[in-house]
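Please walk through this model from its sheet to its helix and loops. The text below takes the elements in turn.

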Amino acid sequence: MSVEITKNNLQTETSHKLTVIDFWAPWCGPCKILDPILADLEKTYGTQIHFGRMNVDGNQAIAEQYHVLSVPSLVVFKNGKAAEKVSGVYPKEKLAKYFEKKIAEVN
């Protein structure tokens, strides 16, 4: 299950080899579409990718720090450093291929 990311645990939670943080908001319709897709992918890739979620409401400064201008956005961290960002909703198969590529890059 993905970890709720806050400013207090951001550094610790992104210190893994590969971390994906879902920047979302409760009022965001596309975020609600992406939630079950990410939950399914976490079941598949949860041993290789550390998954987290950050509600941008109340965390605008952190969202801005990672150039999250729209939600949903996924920020990929490699060994604690933000490496790239993907915004929008993608089909499960496309995200799975993307995650496999990211896993191969850190192995």
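The model is predicted, so local features need pLDDT of at least 70, side-chain atom pairs count only at pLDDT 80 or more, and totals for chains, interfaces and linings use all residues. Residues are numbered from 1 along each chain as its sequence is written, and side-chain values use heavy atoms, with hydrogens and water left out.

Begin with the sheet. Helices (H or I, at least four residues) and strands (E, at least two) are DSSP runs, numbered from the N terminus. Two strands are said to pair if DSSP finds at least two bridges between them. Five strands form an open sheet of mixed pairing, in the order β1-β3-β2-β4-β5. Its edge strands are β1 (3-4) and β5, each of which pairs on one side only.

Within the sheet, β2 and β3 are joined in the parallel sense over six bridges, and Val20 stands opposite Phe51 in β3. The pairing of β2 with β4 is antiparallel, again over six bridges; here Asp22 stands opposite Leu74 in β4. Strand β4 (residues 73-78) also runs antiparallel to strand β5 (residues 81-87), and six bridges join the two. Among the bridge partners in β5 are Lys85 for Val75 and Ser87 for Ser73. In a regular strand the side chains alternate between the two faces of the sheet.

How far is β4 enclosed by the rest of the structure? Five of the six residues of β4 are buried, so this strand is largely enclosed. Here buried means under 20% relative accessible area, exposed means over 50%, and partly exposed lies in between (1.4 Å probe, protein chains only).

Ser73, a residue of strand β4, illustrates this setting. Its relative accessible area is 0%, so Ser73 is buried. Its side chain makes a polar contact with the side chain of Ser87 at 2.7 Å. A polar contact is a pair of N or O atoms within 3.5 Å; within protein, one must be able to donate a hydrogen and the other to accept it, and residues adjacent in sequence count only if both atoms are side-chain atoms. Leaving out residues up to four places away in sequence, Ser73 touches Ile21, Asp22, Phe23, Val68, Lys85, Val86 and Ser87, where contact means heavy atoms within 4.5 Å.

Turn now to helix α2. It covers residues 29-45, has 17 residues, and reaches 25 Å from its first C-alpha to its last, close to the 24 Å expected at 1.5 Å a residue. The expected span is 1.5 Å times one less than the number of residues. A kink of about 25° lies at Asp35, shortly before the proline Pro36; the bend at a residue is the angle between axes fitted to the seven residues ending there and the seven starting there.

Which residues of α2 are buried? They are Cys31, Leu34, Ile37, Leu38, Leu41, Glu42 and Tyr45. An α-helix has 3.6 residues a turn, so residues three or four places apart point the same way. The cover over the buried residues of α2 includes β2 (18-24), β3 (50-55), β4 and α4 (92-106).

Cys31 also takes part in a disulfide with Cys28, with an S to S distance of 2.3 Å. A disulfide is a pair of cysteine sulfur atoms within 2.5 Å, and a search of the whole structure finds one. The torsion about the S-S bond of Cys28 and Cys31 is about 85°, so the disulfide is right-handed. Both Cys28 and Cys31 are buried.

Most residues other than glycine have a negative phi, and most peptide bonds are trans. In the loop between α3 (60-65) and β4 lies Pro72, and the peptide bond from Val71 to Pro72 is cis, with omega near 0°. His67 lies in the loop between α3 and β4 and has a positive phi near 60°. With a relative accessible area of 55%, His67 is exposed.

Asn79, in the loop between β4 and β5, has a positive phi of about 50° although it is not a glycine. Asn79 is exposed, with a relative accessible area of 55%.
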